[in-house]
Structure formats: structure tokens, C-alpha cells
Amino acid sequence: MQALHLLALEPVSESTSDPNSYGFRRNRSTHDAIGQLFITMSRRTSARWVLEADIKGCFDHINHDWLLRNVPMDTAVLRKWLKAGVIYKGMLQASEAGTPQGGIISPTLANMALNGLESGLVAHLGAKLGRTKAKNLKINVVRYADDFVITGISQELLENEVKPWVVGFLQQRGLQLAPEKTRIVTIDDGFDFLGWNFRKYSGTLLIKPSKKNAEAFYRKVKEAISSHKTVRQETLIRLLNPLLRGWANYHCPVVAKEAFSRMDHLLFRAIWRWVKRRHPGKKVAWLRKRYFRSEGFRSWVFATTVNKADGRKVRLALYKLPETPIRRHKKVKGSYNPFDPADELYGETLHQARMLNSMRRRKEWMSLYRSQFGRCALCEGAITRETGWHDHHLIPRVEGGSDSLINRVLLHPICHTRVHQLGLKIVKPAF
């Protein structure tokens with residue numbers, strides 16, 4: 001039932017959301033949030049002061065009356081979801097505030113409660129000081145779910161004008177700022193946001209993995225190693241590789257090479273302790289020959305040989321964090337609405353730009369390329385690196401089209417533009 005109502009509520013939420021809200025929204029992520037922060041803070045003339053804020057228990061304390069008055073859906077159904085209660089340790093507990101616990105509609109309801117934080121603040125300052133003066137204050141709001149930062153030209157502005165308005169905005173919705181996580185800092189001292197540290201060094205903004213994020217990840221990996229002391233080397237590598245790849249992919253759009261090298265060093269020490277514990281009486285040379293291999297210029301690669309189902313023997317190595325390439329993220333534009341037909345072409349182009357950075361997406365592209373014999377689905381001309389290609393949805397996603405391969409074809413960029421501008425219909429080529 002929540003999924004059914006969400007089909008109608010999500011387009012409304014997207015149409016009323018702030019441009020720089022990035023949490024729990026289609027085609028938006030934490031990487032888009034840092035991209036926006038880089039745009040607003042990287043210039044020498046950018047605002048130097050930042051209000052770093054966090055909402056205390058956002059999902060648990062949103063006022064039910066406010067939701068019932070402001071969320072455009074069947075209030076009887078919404079009231080039942082809000083008041084249904086929570087079963088915790090076999091006991092039913094009443095839910096007097098907050099969004100449905102664990103419900104798939106909860107993120108959208110929370111976003112709708114916080115929509116207007118950016119536009120409302122700008123409108124308030126514009127009405128109070130005048131539009132021109134308000135623009136010179138360099139107020140920028142970037143929000144991801146219940147975490148947000150607000151920039152400004154001075155500490156006094158953020159303390160005396162911005163913060164009181166934000167407190168009042170949240171109070172109407174039954175929310176309040178978390179005092180221990182809310183502070184006003186200068187960009188020269190830096191601040192942490194979404195697992196990254198933002199700081200200017202001699203006027204240059206550098207975004208790096210935060211120390212807290214790196215320490216938390218190391219504890220997680222170390223716990224995984226120490227809790228699997230007796231497993232085979234192959235099992236340990238298969239256990240760690242997804243963790244390492246996930247952490248590396250999260251931080252690959254920022255200045256992370258130094259953090260990757262440091263983490264790789266700490267990881268080697270933890271694995272070396274794991275190896276020595278298994279064979280306390282063996283010498284270093286024996287341990288190295290047993291658990292490590294040489295690959296190119298690297299001689300201490302934690303790797304082993306495994307047998308495939310078809311009888312082949314392949315090498316399985318631990319993922320090397322420093323070898324992760326740094327790839328700048330292509331940020332989504334703030335006004336993009338995935339449910340607006342006018343933005344369908346932009347959404348497909350954005351999807352195309354991000355597709356080749358994902359192994360799963362590359363496999364999908366190869367499948368489409370082979371199914372079309374390497375030819376454009378409109379003009380039937382060859383698709384090459386020189387011509388380029390776009391990924392087109394036969395039934396637009398704004399009309400309910402799926403993202404499955406059966407609903408997608410490859411087109412030349414110019415053909416893709418013609419399809420959208422002229423309203424041409426494409427038939428998927430038969431394999």
C-alpha cells in the first residue's frame with residue numbers, strides 16, 4: 001500500500017523539493033552534494049563561514065499533525081501508518097511522532113517535511129534585506145536527508161540571522177538541531193560532511209576522506225579479519241574485497257590517494273598479524289611464499305590460486321586501494337526533475353555519462369551493443385568511439401518505463417536528439 005501511494009507522492013515531492021537537496025531522491029547521491037559544495041566554496045570569493053548542522057532524531061520526531069496538514073495524500077491512510085506503532089522486542093510501542101518505522105515511504109515523507117529549508121531561507125532574507133543585499137550574503141544550502149550545511153559571509157550572519165530562522169523552521173515540524181553536531185566554523189579550519197573533510201589550504205579547497213570515516217572503516221575491516229581467524233585465505237579475500245571496493249568507490253571522486261595508501265598500509269599490518277597467528281613457528285620467508293605473490297612491481301600481494309568450476313586455475317588477490325582511479329563525479333543539475341518530460345533527454349544523457357563507471361552498467365552496454373549488432377536503432381549506422389552513443393528508453397521513465405534492457409536501445413547522440421525533438425518512435429531491433 002505504501003508503494004502504491006508512493007507512486008503518486010514521489011512526483012509531487014520532486015516537484016516541490018529544494019534544488020540542492022540530495023538525500024533519498026532519484027539520480028541524486030552524496031557525490032552530487034559534495035559536487036555542489038565544491039562549486040559554491042572553491043572560488044576565492046566564496047563564502048568563508050559555514051553552519052554545519054544535524055537534526056536530532058529527524059525520522060523519529062517529525063510532528064504528525066504537520067504531516068497530516070501538509071502531505072497531499074489520503075489523510076486517513078497516512079494517519080493509520082503514522083499511528084500504527086512499533087513492535088520492539090515483542091512489545092507494541094505507540095508512535096506519537098515520526099515517520100513509519102522501516103516504511104519505504106518514510107524517506108519521501110521526511111524530505112517533504114524538510115522541503116523549503118533552502119527556498120524559504122532565501123525568501124526570508126530577501127524579504128528582510130532586499131533581494132540584492134541577500135544575494136551578496138552568499139547564502140547556500142546543501143542538504144542530504146537530515147544533514148545540511150549553510151554558507152555565509154560572516155559568523156554573525158549565521159549566528160544571528162540564519163540559525164534562528166532554521167530553528168523556527170524545524171520547530172514548526174516538531175524537530176530541533178542536535179547541539180553536539182551543530183557548529184559554525186570557517187572553511188580554513190574545515191568541517192566534516194557525509195564522511196568527507198572540506199578545508200581550504202592556502203586558498204585551495206581540498207575534499208578528503210574524514211578521519212572519523214577512515215577510522216570507522218578500519219575498525220570494521222579489522223573486526224572482519226579478527227572474527228575470521230581460521231578461515232581459508234580465499235574466503236578472507238572474498239570477504240574483504242567487497243568492503244574495500246565499496247569504500248574506495250565512495251571516496252574515489254575526492255582527493256583520496258593519500259588516505260588510500262594509509263589504509264592499505266594499516267590493512268597489510270592487520271593481515272600480517274592474521275598470517276603470523278596461524279603459523280607462529282614459521283619464518284618470514286615461509287609465510288611470504290605461502291600467502292603472498294609478486295605482481296609487476298609489487299612483491300607482497302596477498303593472493304592465492306583458486307579453482308574455477310570449469311577446471312581453470314585463476315589468481316585471487318586482495319583489492320589494492322591505491323590502484324583505485326580518481327574519477328570526478330558529474331553532478332546532476334539542481335532543477336532536474338526525473339518526472340518532467342522536458343528533462344527526459346537530460347536524464348538519459350546523465351545516465352549515459354555515469355554508466356561506464358559502473359561494471360554492471362558496462363555489462364549492460366555490451367549486451368545492448370551486441371543485440372543491435374553494433375548499429376544505431378534509428379539510422380542503423382555503425383556505433384563507434386568516434387560517433388559516440390546514447391542510452392535511450394523506449395517507454396520514457398516519466399511515463400512508467402522500466403530501466404530493464406528490454407526497454408533500452410543505443411542511439412547516436414544526434415539521433416537521440418531527433419527522437420526527443422520530433423517525437424519519433426523506436427522499435428527495439430530483433431537479436
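A nonpolar core is a set of buried Ala, Val, Leu, Ile, Met, Phe, Trp, Tyr and Cys residues joined through side-chain atoms within 4.5 Å. Buried means under 20% relative accessible area, exposed over 50%, and partly exposed in between (1.4 Å probe, protein chains only).

The model described here is predicted: local features need pLDDT of at least 70 and side-chain atom pairs count only at pLDDT 80 or more, while totals for chains, interfaces and linings use all residues. Residues are numbered from 1 along each chain as its sequence is written, and side-chain values use heavy atoms, with hydrogens and water left out.

**Overall architecture**

The protein chain contains 16 helices and 14 strands; helices (H or I, at least four residues) and strands (E, at least two) are DSSP runs numbered from the N terminus. Of its 431 residues, 46% count as buried. The C-alpha trace spans about 75 × 60 × 55 Å along its principal axes. For residues 1–198, an unreviewed UniProt entry lists "domain: Reverse transcriptase"; such annotations may be inferred rather than shown by experiment. This span is 46% helix and 17% strand, and its end C-alpha atoms lie 42 Å apart.

**Nonpolar cores**

The largest nonpolar core has 53 residues, of which Phe191, Phe193, Phe198, Ile225 and Phe302 touch the most other members. Helix 12 (residues 257–278) supplies the largest share of this core, nine residues. At least three residues of this core come from each of domain 1 (1–209) and domain 2 (211–323), the bounds being taken from an automatic or database domain assignment. Apart from it lies another core, of 42 residues, including Leu6, Trp66, Leu158 and Trp165.

**Helix 10 and helix 11**

The axes of helix 10 (residues 211–226) and helix 11 (residues 233–251) are 10 Å apart, at an angle of about 170°. Helix 10 and helix 11 are therefore roughly antiparallel to each other (angles over 145 degrees, taken between N-to-C directions on a scale from 0 to 180 degrees, with axes as lines fitted to C-alpha atoms over the stretch in contact). The residues in contact (heavy atoms within 4.5 Å) are tabulated below.

| Helix | Residues in the contact |
|---|---|
| Helix 10 | Asn213, Ala214, Phe217, Lys220, Val221, Ala224, Ile225 |
| Helix 11 | Leu236, Leu239, Leu240, Leu243, Leu244, Trp247, His251 |

Not counting residues up to four places away in sequence, Ile225 touches Leu236, Leu240, Leu267, Ala270, Ile271 and Trp274.

**An exposed loop residue**

Ser202 lies in the loop between strand 8 (196–201) and strand 9 (204–209). Ser202 is exposed, with a relative accessible area of 74%.

Note on methods. Angles under 35 degrees count as roughly parallel, over 145 as roughly antiparallel, 65 to 115 as roughly perpendicular and the rest as oblique.
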